[in-house]
Structures are given as C-alpha cells and as structure tokens.
Amino acid sequence: MVEPEPVAEPSRRRRGGGRAGRIAVREAVPERDRRPVRPGLPAGRFKPLTDNDMAQVFDTALRLLEDVGMGDPLDEFIEAALPLGARVDDSGRLRLPRSIVERTIETAAKEWIWHGFDDDRSVHVGGEHVYFGTSGAAVLMYDHVTGTFRESLAQDVYDCGRLVDTLDNLHFYVRTVVARDLVETRDLDLTTAYAVMRSTTKPGGSSWFDPRWVYETVDMLDMALGGPGEFSKRPVMAANNTFVVPPLRFAPESAKCLVAQVRTGMPINLLSAGQAGATAPAALAGALTQALAECLGGLTFVNLLSPGHPCLLGMWPFVSDLRTGAMSGGSGEEGILNAAAAQVGHWLGLPTGVAAGMTDSKVNDAQDGYEKGLNVALAGHAGANIVYESAGMLASLLACSFEALVIDNDMLGAINRTVRGIEVNTDTLSADLIAEVIAGPGHFLGSQQTLELMETEYLYPLVSNRDTPEDWTDAGSRPAHDVAHDQVTATLENHWPSHISPAVDKAIRDAFPIRLGDR
C-alpha cells in the first residue's frame, strides 16, 4: 500500500498568528445569518422519551391535578377556576379537572418575543428555537486571584451583566447572584432589576420577593424605555418565579408576585424546582411528572387571569445524591431529566425552559467542564427553548465565577455548533472539488471553498487553546482560567453599556432606591 505524501510543513509547527490571529478572526465576523453559530438555531433531535412515555407522563400529571390538586391556592385562582368546574376539597386543595388544563394548553401562548433594549438581540421564544443564557441565585462569588469565595454583592449582578453583554454565545442575562449587601426587599428587588437592565442590551430577567416591587420595577422599566406603557409593548425583562413549593403546593408570596407579573405584562418562567429523592420522587419519571403537573397548574392559573400571557414551562427537576442528600446538578440524571422536560414541552407545543450547566465543582476544572458540557449539550439537542444556568455557575448553584462566564461562552459556542449540525447538499458534498484536488494540488488548503467556509462553517474559541505544546509553553503555559481572567479584567475596566441616557438614569435613581454605585 502506497502511503500518501504529507502536506509539507516546518519541523516545528506554528499556529498562524496565535492570539493575534484569533482576534483577527473575530474582527472579520460575517453577517449574522452566515455565522457558524447564531441565536435561536432549530433543535430537538435528541428524544430520550417515546411518544407513549410522554403520553403516560402527561396523563399522570393531569390525574395529579384532578385527584390531588394544588395546595394553598390564592383567592384569585379559586375565583377564576371554580366557575369552570374546579373544586376546593376538604383540605383546602384546589382540584383542576382535566378539561380546564387541556383548554389552557390550547389557548396558551406558543411563541412570543423576549425583547432586548437592542431589538436585534431579542429572543424568539418557542417553536424549535434554542437559546442559551444565565440564571441563578448564587450567594457567593469565586475570586480567581485568591482562590476563595466571598459574598456576592449588587456590583456583581451588574458586572456579570456587563460580561454577558460582550459574550456572543450567551443570548440573555437573568441575574446570576443575590446581592447580599442589601437587606430590605425593596432595595434588593429594585436594585437587582436595575443592575440587570443597565448592564446589557440583551433580554434580561430577575426574581422578586414582593408584588409591590414588581409594579415599581415595571414603572422603572417604563422610564428606561421612554414612558408609561412602554414595557407592556416591549417586555425587556422576564420573571423567574418559583411559584410552587414541591410537592404540588403554591408558595403564597411568589404566587402573589405571579399575579402582579401577569397584570403588568411581564413574561414568566413558571418554575418548579423539586429535588428528586427529597421534595420529588427519586424515580426520574416521577420527578418529571410532578414537575409537569406543577407547571401546568401554574400555567392554568396564569391563563385564567390573562389568556395567552407569555410563559415558559420551567420544569427544573433537580437531582439529589441519594447517599448524602446533597444536590447533584452536574449529574447524568440531571442531564437526562432536563432533556426529557424539553421534549415533553415540545410535544405539548409549549415554550419550555430548563436549567443546565449546574456543575457541582467548586472551581473551573475538569469536573466543571464535563458536567456542564454534558448537561448543556443534552438540553440543547433536546430542543429546550431557553437553557438557563448554562454559564458561570459553580458549586451546585451556590457560587458564580466571572471567569466561568467567559470559559463557558466558548463551550456554548461549540455546543451550538453541534446543534446546527451538518448541511448536506450538492455543494457541501464536494464531489467536483475532491476530483479537482486529486488531479491538481493534492490538498484543500488553498481552495476557494476552504477560504469561503473558514468564517461561516467553523467556529473559533476566544480563550480555549489550540496551540502546539511548544507554542503554549513559549507563551507562558497559561491555563484557560488565567486567559479568561485577562478578558474579565479588560471587559470590566472598559465596557460600560450606555443604552440608558444619563438624564434617564438620574431620574430613575431619584425615583427609586437604587443601591448601586453610579458610573
């Protein structure tokens, strides 16, 4: 057998341009619809459940709502449901007939727009579209320099958002950390929403403790968008609302916030976050079924109050390490549950959001990488419309890392490239080109196809290293988290979003208790 002649290269292989080359590549970005990855690519090819599996899960969820019902319902929910055949049993649980829930699924919003301050960055929620972004309520920040944790602050909410604003593979910013330097709930809710709003032109999101602060937040957003009523036209902020205490019981204060969010036109991620083996069945099918029942219960009441209100089924069935009871957000069980939740949402025709990227690692290490990569890839390929928690988080959601946001941005780009898949047509099959190369130069390095596809078919990471071992050593043998730290430092020193004018910003600060330093 004759060995093919290798393409000639120097004895010591050098990358073309190193970091400077990567920067040049980034600056030569093609038009959005020709990029190798882009927001909202169609997904849903991974299907862990059969149609019969999903039918059983759905039927059991409906039976739970009818035979067990939802505990601690608000008066508003009872008044809306009773005329349609619901009933309150002797234990005060509101039982929902199958017909009410099925009617809700028919009338619920199937697609809607989650706006950004920059409409070019808005997110089309629903259908086959998949988007990746952040979320969380971490109480700690990982300090790269000291290798230790500290309490998270309001400034961290703002700084995380400024980073996300610059990272192409993160498509929205829902607050990542809790501002532990703020004690009063009004200060916390309004300052957090302000920090999200001011830090990025991408779609934003937060959570609220008190319905009064929901109304005030919308007043603040109206001011930022140009006047009263503007938020209802362009909802640039969505609510993450954990409205249920598993199993199958409303959380009263969150449910009151739910009502306020409906009345103000705020999109809602209806969150059920039972933990398998603790607040949900250890059986994965049972945990999924309970989450679906809870989310359908929430969706029913939202649609009874306002038919077609923009919502996501936020089935977030978490997983326990049954040896210790500790959360194991980076586990394979978590990955398959999220994928199944996304598939069920698709099957019902309802927009669905899941939580992936919840590594249990405390630092940016190999465990962090494989747990996030596995879980986020499964969620994306299963077609979750919105993948929350997909970047920045550590320690089973207890901590956030600036450097992780940057590193995970590279990971998300690679995952989204796999979601895009391979386009097969006459041109890409390349039969004529293969014949030309065989008859001519013997390689494809200088072909027109190679040059044309360099920026449209192939994605290049910002911090991940592809140098040879020799070049990497010559450059200082720097690990990815050190390179990411450089980008964090540069971004936080230089990137100050200015979509809210100084005059409007001053008016907002005069009107509301914003506990964040001025810039």
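Helix α7, spanning residues 211-225, is largely enclosed by the rest of the structure, because 11 of its 15 residues are buried, that is, under 20% relative accessible area with a 1.4 Å probe and protein chains only. The model is predicted, so that local features need pLDDT of at least 70 and side-chain atom pairs count only at pLDDT 80 or more, whereas totals for chains, interfaces and linings use all residues. Residues are numbered from 1 along each chain as its sequence is written, and side-chain values use heavy atoms, with hydrogens and water left out.

The buried residues of α7 include Trp 213, Glu 216, Met 220, Asp 222 and Leu 225, and the buried set packs against α6 (185-199), α8 (230-233), β11 (237-241), α9 (252-263) and α19 (502-511), where contact means heavy atoms within 4.5 Å. Just after the helix, Gly 226 takes a positive phi of about 125°.

Elsewhere, helix α13 (residues 402-420) packs with helix α18 (residues 480-494) at an angle of about 110°, their axes lying 8 Å apart. This angle makes α13 roughly perpendicular to α18, a class that covers 65 to 115 degrees. In this contact, Phe 402, Glu 403, Val 406 and Ile 407 of α13 meet residues of α18, among them Ala 480, His 481, Gln 487 and Leu 492. The residues of the contact of α13 with α18 divide into seven nonpolar, three polar and one charged.

How values were computed:
Axes are lines fitted to C-alpha atoms, for helices over the stretch in contact, and angles run from 0 to 180 degrees between N-to-C directions. Helices (H or I, at least four residues) and strands (E, at least two) are DSSP runs, numbered from the N terminus. Angles under 35 degrees count as roughly parallel, over 145 as roughly antiparallel, 65 to 115 as roughly perpendicular and the rest as oblique. Ala, Val, Leu, Ile, Met, Phe, Trp, Tyr, Cys and Pro count as nonpolar, Asp, Glu, Lys and Arg as charged, and the others, Gly among them, as polar. The expected span of a helix is 1.5 Å times one less than its number of residues. Buried means under 20% relative accessible area, exposed over 50%, partly exposed in between (1.4 Å probe, protein chains only).
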